[in-house]
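Reader: Can you walk me through this one? I'm new to it.
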Amino acid sequence: MKKTNKQNIETIVLENSKTGETLELQHEQHKAEYGAKHFWKADKKFFELLSAFSAAESKVLAYILQKTQPTKNEFIGACKAIARKLNCDVTTVRSTFKKMAEKDMLAKTDNERIWMLNPRLLVKGDIIVQARLMSKYDTLLKRPLSNLIITDDEGNDPVFLPIEYPTPESLGNVKSDFFRVFDSFFETVSGLGGKESEVLYFLVCAMQASNNTYIGPMKEIAVNVNCSKATVQRAMDTLADKGFAAMELDCVWRINPSMVIKGNRRKEKVLTDAFLVVQKEYDEKRKSRKNGKKREDATGKEKAVA
């Protein structure tokens with residue numbers, strides 16, 4: 001697409017294939033600030049789907065997410081090679097791919113080694129980039145598309161837009177309600193069991209967007225996730241070990257903004273500084289409790305021997 005170097009402007013043409021009516025738009029591409037971390041735009045549905053995978057499968061899922069090419073939303077890999085890389089059995093890899101396809105997270109391409117990640121769930125880029133990727137994804141699954149064709153101002157790279165965008169107005173009225181997800185989050189996903197992922201999903205949805213904080217007792221999480229408080233405690237311990245969450249006060253948890261956040265780069269920087277302080281204090285408290293428990297166990301054994 002034609003761009004002016006100074007303003008990052010591209011000219012796009014929208015054409016109704018039935019009526020022939022065309023509309024030219026000047027589209028401003030939003031580039032990441034120099035030095036800023038690149039992020040994925042994640043829909044809330046993405047977090048919900050994580051609980052469908054077992055602990056072993058989530059390792060495969062995390063690997064796929066980490067290796068997905070953002071410009072095409074494509075993952076390239078063979079099941080046997082992934083199994084060797086992750087030191088797991090091929091059956092686990094295949095079951096992960098099968099679940100991802102059933103949950104509408106992945107689509108097969110003509111090449112059996114190449115899969116496409118659903119850009120409605122995760123994508124890097126603005127609405128024009130996302131719409132084009134959505135069109136390709138739907139085409140792979142033989143889903144109907146709209147009558148609206150998008151090209152550059154010379155008619156190059158024509159693509160029928162997905163069914164969500166039947167008119168130019170629909171393309172311009174897309175709500176920007178998404179989470180920013182950074183690559184470090186995918187490592188957190190690796191190894192999580194179903195209930196742990198459900199707790200993570202609850203925290204992401206329930207956290208206050210202004211400060212990445214969840215306020216509420218363990219009992220509330222247990223009720224919403226439909227599990228015991230002990231299960232929630234184990235999940236929170238796991239998420240804390242992975243650097244995803246840290247307890248600031250009783251019933252007050254901070255979610256790591258370097259992994260998931262709603263907001264811009266400036267907000268992320270401010271909240272990250274605050275999170276690191278809370279995380280350090282919480283890790284010291286946890287370490288102190290563990291050491292205290294070890295001393296109690298050792299004393300108990302000594303008394304039993306005596």
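Predicted model: local features only at pLDDT ≥ 70, side-chain atom pairs only at ≥ 80, totals over all residues.

Reader: At what angle do H8 and H9 pack?
Author: About 115 degrees, with the axes of H8 (residues 194–206) and H9 (residues 218–225) 10 Å apart. Helices are DSSP runs of H or I, at least four residues, numbered from the N terminus. Axes are lines fitted to C-alpha atoms over the stretch in contact, and angles run from 0 to 180 degrees between N-to-C directions. That makes H8 roughly perpendicular to H9 (65 to 115 degrees).

Reader: Which residues of H8 and H9 make the contact?
Author: From H8, Lys195, Glu198, Val199, Phe202 and Leu203; from H9, Glu220, Ile221, Asn224 and Val225. Contact means heavy atoms within 4.5 Å.

Reader: New topic. Is Glu57 buried or exposed?
Author: Glu57 counts as buried, at 8% relative accessibility. Buried means under 20% relative accessible area, with a 1.4 Å probe and protein chains only. Glu57 lies in helix H2 (residues 55–67).

Reader: What does Glu57 touch?
Author: Ala52, Thr92, Ser95, Thr96 and Lys99, not counting residues up to four places away in sequence.

Reader: And which residues of H10 are buried?
Author: Thr231, Val232, Ala235, Met236, Leu239 and Ala240. After H10 comes Gly243, whose phi is positive, near 80 degrees.

Definitions and conventions: Residues numbered from 1 in each chain as written. Heavy atoms only, no water. Helix = DSSP H or I, 4+ residues; strand = E, 2+ residues; numbered from the N terminus. Parallel < 35°, antiparallel > 145°, perpendicular 65-115°, else oblique. Buried < 20%, exposed > 50% of the residue type's maximum accessible area, 1.4 Å probe, protein only.
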